[in-house]
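Thanks for coming. I will take one structure today and go through a few of its parts in turn.

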Amino acid sequence: MHAVVLKRILLVEDNPNDAELTLEALAEHNLTNAVELVKDGALALDYLYRRGAYAGRPDGNPAVILLDLKLPKINGLEVLQQIRADENLKRIPVVVLTSSHEEKDMVASYNLGVNAYVVKPVEFHSFIDAVKALGLFWAIVNEPPPGTVSQG
Amino acid sequence: MTPVSDALRVLSLEDDLRDAELLQVCLEEAGFACELLRVETEEAFSRALDQRNFDVILADYSLPSYDGISALALTREKAPDVPFILVSGTIGEERAIELMKGGATDYVLKNSLSRLVPAIRRALDEAGERRRRRQAEQALCESEAKFRDFFNFLPIPLFEVDTEGRFLLVNRAFVDTIGAEAGDAVTSMSAFEIFAPEEIDRARENFRVRLSGGATSSNEFLVRTRGGALRTFIITTSAIVREDRPVGLRGIAVDITDRKRAEEEVFLLNLGLEQRVAERTLALEGANRELESFSYSVSHDLRAPLRSIDGFAQLFLDEFGSGLDHIAKDYLHRIRGASRQMNTLIEDLLQLSRTSRQALRRERVDLSALARQILGELHCGHPERSVDVVIQDDVVASADPHLAAVVLRNLLENAWKFTGRTDGARIEFGAVETPAGREFFVRDNGAGFDPACAGKLFGPFQRLHTTEQFPGTGIGLATVQRIVRRHGGAIRAEARPGEGAVFTFTLPEEK
C-alpha cells in the first residue's frame with residue numbers, strides 16, 4: 001500500500017468528532033495525509049473553486065468528496081447540486097456520508113447523481129469498516145476522472 | 001212523513017164530541033186514515049203537544065175553559081211547524097185577521113166543512129215545504145259552522161281580500177299572528193299594510209298579477225306581525241272568480257321565519273364546520289411538517305453524538321486498554337452497549353413515526369415469500385440456532401409492501417427472539433378464513449407472556465420482559481399495530497407464559 005500514490009480526499013464534515021473518527025478510520029490505510037477537511041458547505045465550494053482561503057491551493061480536483069448532508073451555511077445537497085452543474089467539477093466522485101436514513105435525502109442525492117450513499121453506522125467497528133472500505137475503494141482502487149491530482 | 005199512506009195524526013181541541021166525530025168522518029171520507037185525539041182543556045192540549053207529534057191541529061175557537069187564540073199561541077211556542085187550522089162557528093172578519101196574524105194556518109167554518117180537507121191538504125203541503133227548507137237551512141248552517149270552525153281552528157293565517165286589497169275575511173290565526181294595531185279591526189285594513197315598507201311595491205305587483213292571471217302562486221314576503229316584529233311568510237293566493245270575473249283573492253300565509261333561521265343556522269354551521277375543518281387541516285399539516293422536521297433532526301443529530309460516544313469509548317479501549325483494569329474496561333463496554341441500545345431506540349422510534357407519516361400504497365403482497373425471506377435472513381444471522389419454520393404457501397394480502405414487511409419483520413423477529421431459549425423452537429406463519437374475514441397469524445412456542453398483560457403489549461415502550469431476558473425497545477409492536485390499523489385492520493395477541501404466543505391480524509381489502 002505504501003507504494004501507491006495517494007489521491008486527495010475532500011472530507012466535508014462539520015462535526016469534529018465524526019471528522020476525527022473518519023480520519024481514524026482512514027488512517028488504517030494510511031490515507032490520513034490525503035484528506036482535506038472542510039467544516040461547511042461554503043468552504044467546500046471555496047476549496048473546489050480555489051477561492052477565499054483556498055485561492056492558493058494547487059490545481060486539480062480531489063479523487064473523491066466525502067460529503068455530509070447536514071452542514072452549516074450551505075447544506076450537502078446544495079453543494080452536490082453545484083458540483084454537478086459545473087463543467088469542471090461534475091465528474092468528481094461524490095459519496096454522501098450521513099447520519100440519516102431519510103428516504104427523501106437518499107432519493108434527492110441519487111437524483112443529483114451521487115456516486116454512493118452511506119449511512120454512518122453508530123457502532124464504532126461498523127463505522128470504521130465502512131469508512132475504511134470507502135477510502136480503499138475511492139482513493140486507491142478506483143481510477144478517478146481526468147483532471148484529478150494525486151498527492152505525494 | 002207522507003200523510004196519505006200513514007195515519008194522519010190530528011189533535012182536535014173541541015168540547016163537542018159530535019163535532020169531533022164529524023171532523024173524523026169528514027177526513028176519512030176524503031181518504032185520510034185518521035188518528036184523532038180530542039182534548040178540551042188547556043192542560044190536556046199542552047200535555048198532548050209535549051208528548052206527541054201531530055200532523056195538524058184543528059181547534060175550536062171558543063171552549064168552556066179555553067180558547068183558540070191561547071191554543072194558537074201555545075202551539076206556535078211548542079210546535080211551531082204544525083199547521084194550526086181553526087174550525088169554528090161564525091167568527092168575525094177582525095177575529096179571523098187577528099188569528100192569521102197570530103200564525104194560524106187557515107180557518108174553516110163549521111157550517112162549510114167541505115173546505116176542511118183542501119185546507120188540510122194545503123197546510124200539509126206547506127208544512128212539508130217549510131220542513132224541507134228548514135232542514136236544508138239547518139244542514140247549511142251546520143256545514144257553515146263546520147267550515148268556520150276549521151277556518152278558525154287552523155293555526156295558519158287565512159284571508160280573503162277584495163279587488164282593492166281590503167280584507168273581507170280573516171281567521172283567528174290571522175288576527176292572532178298578523179292582526180292589526182290594537183283597536184283596529186283587521187277588516188278595516190288594506191292588505192298592503194301588513195307588509196314591510198320595502199315589500200309593498202312587490203306585494204302590489206304580485207296582487208295585480210294574481211287578480212288578472214288567476215293561477216295559484218306562492219311568494220315569500222316580509223310581514224309586520226302583531227307585536228311589530230318583521231317575520232318571513234310564504235303567502236299563497238288564488239283568485240276568487242264569480243261569473244268569470246275575479247272578485248278578490250283568497251290566501252294562506254305560512255310563517256317560515258323559524259324554518260329559514262334554522263336553515264341559515266345549518267348553512268352557517270356547515271360554513272363554520274368547513275372553515276374549522278380547513279383550519280384543523282392547516283394546523284395538522286403544520287404539525288405534520290413540524291413532526292417531519294423533528295424526526296429529520298432526530299435522525300441526523302441524535303445519532304451523531306452516539307457515534308462519538310461509541311467511537312471514542314472504543315478508541316480509548318484500543319489505545320489505553322492495556323493500562324486499564326477489568327472494571328475500567330467493563331465501564332467502557334457498558335458505555336458502548338448503552339449507546340448502541342440508544343441507537344436502536346432511535347431507529348425504532350423513527351420507524352414508528354415514519355409508519356404514520358408515509359402514504360399508504362396498496363398492492364398485492366406475497367406475505368409467504370416475505371416471511372420466508374425474513375426468516376431466511378434471521379437464520380443467516382444465527383446459523384447456530386435450529387428453528388422449525390412452517391410457512392403456509394401463497395398467502396397474499398392487499399397492503400403497502402414496505403409496511404407489510406415491517407409488520408412481518410417485527411412479528412417474526414419477536415418469534416425468533418422469544419424462542420431463543422426454547423428447545424424444539426417452532427415458528428409458524430399462515431392465514432385462516434373466518435366469518436369476519438381473512439386472519440393472518442404468526443405463532444411460536446417460545447416464552448409467551450402473561451395474558452393479563454396482553455392489552456399493554458401494543459403500547460409504545462411497553463415491555464413484558466427485562467432487557468437481560470430478551471433485548472428490545474418496546475416499540476416494535478406499537479409500530480405493527482399502527483400499520484395494521486392504517487390498513488383498516490386489527491391485531492390481537494394470545495399467549496400463556498412458557499407456552500408461546502400467537503399474533504393474529506387482519507388487512508382488510510380496500511373498499
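This is a predicted model. I start with helix 2 of chain B, residues 42-51, which lies across strand 1 (8-13) and strand 2 of chain B. The angle between helix 2 and strand 2 of chain B is about 140°.

Those strands belong to an open sheet of five in chain B, in the order 2-1-3-4-5, with parallel pairing. Strand 2 (34-39) and strand 5 (106-109) of chain B are the edges, each pairing on one side only. From one strand to the next, the twist averages 20°.

Now to where the chains meet. On chain A, 15 residues are in contact with 15 residues of chain B. Two elements of chain A give two or more residues to that side, helix 1 and helix 5 (124-141). Helix 1 of chain A gives the most, with four residues. By type, the side of chain A that touches chain B has four nonpolar, five polar and six charged residues.

So what does helix 1 of chain A, residues 16-27, cross at roughly 45°? The answer is helix 8 of chain B, residues 257-320, and the two axes come within 9 Å. With that angle, the two helices are therefore oblique to each other. The crossing is left-handed. Asn17(A), Asp18(A), Leu21(A) and Glu24(A) make the contact from helix 1 of chain A, and the residues from helix 8 of chain B include Arg307(B) and Leu315(B).

Conventions: Residues are numbered from 1 along each chain as its sequence is written. Chains are lettered from A and ligands numbered from 1 in the order in which they are written. This is a predicted model: local features need pLDDT of at least 70, side-chain atom pairs count only at pLDDT 80 or more; totals for chains, interfaces and linings use all residues. Axes are lines fitted to C-alpha atoms, for helices over the stretch in contact, and angles run from 0 to 180 degrees between N-to-C directions. Angles under 35 degrees count as roughly parallel, over 145 as roughly antiparallel, 65 to 115 as roughly perpendicular and the rest as oblique. A crossing is left-handed if the near helix is turned anticlockwise from the far one by less than a right angle, and right-handed if clockwise. Two residues are in contact if their C-beta atoms, placed from the backbone, lie within 7 Å. Ala, Val, Leu, Ile, Met, Phe, Trp, Tyr, Cys and Pro count as nonpolar, Asp, Glu, Lys and Arg as charged, and the others, Gly among them, as polar. Two strands pair if DSSP finds at least two bridges between them.
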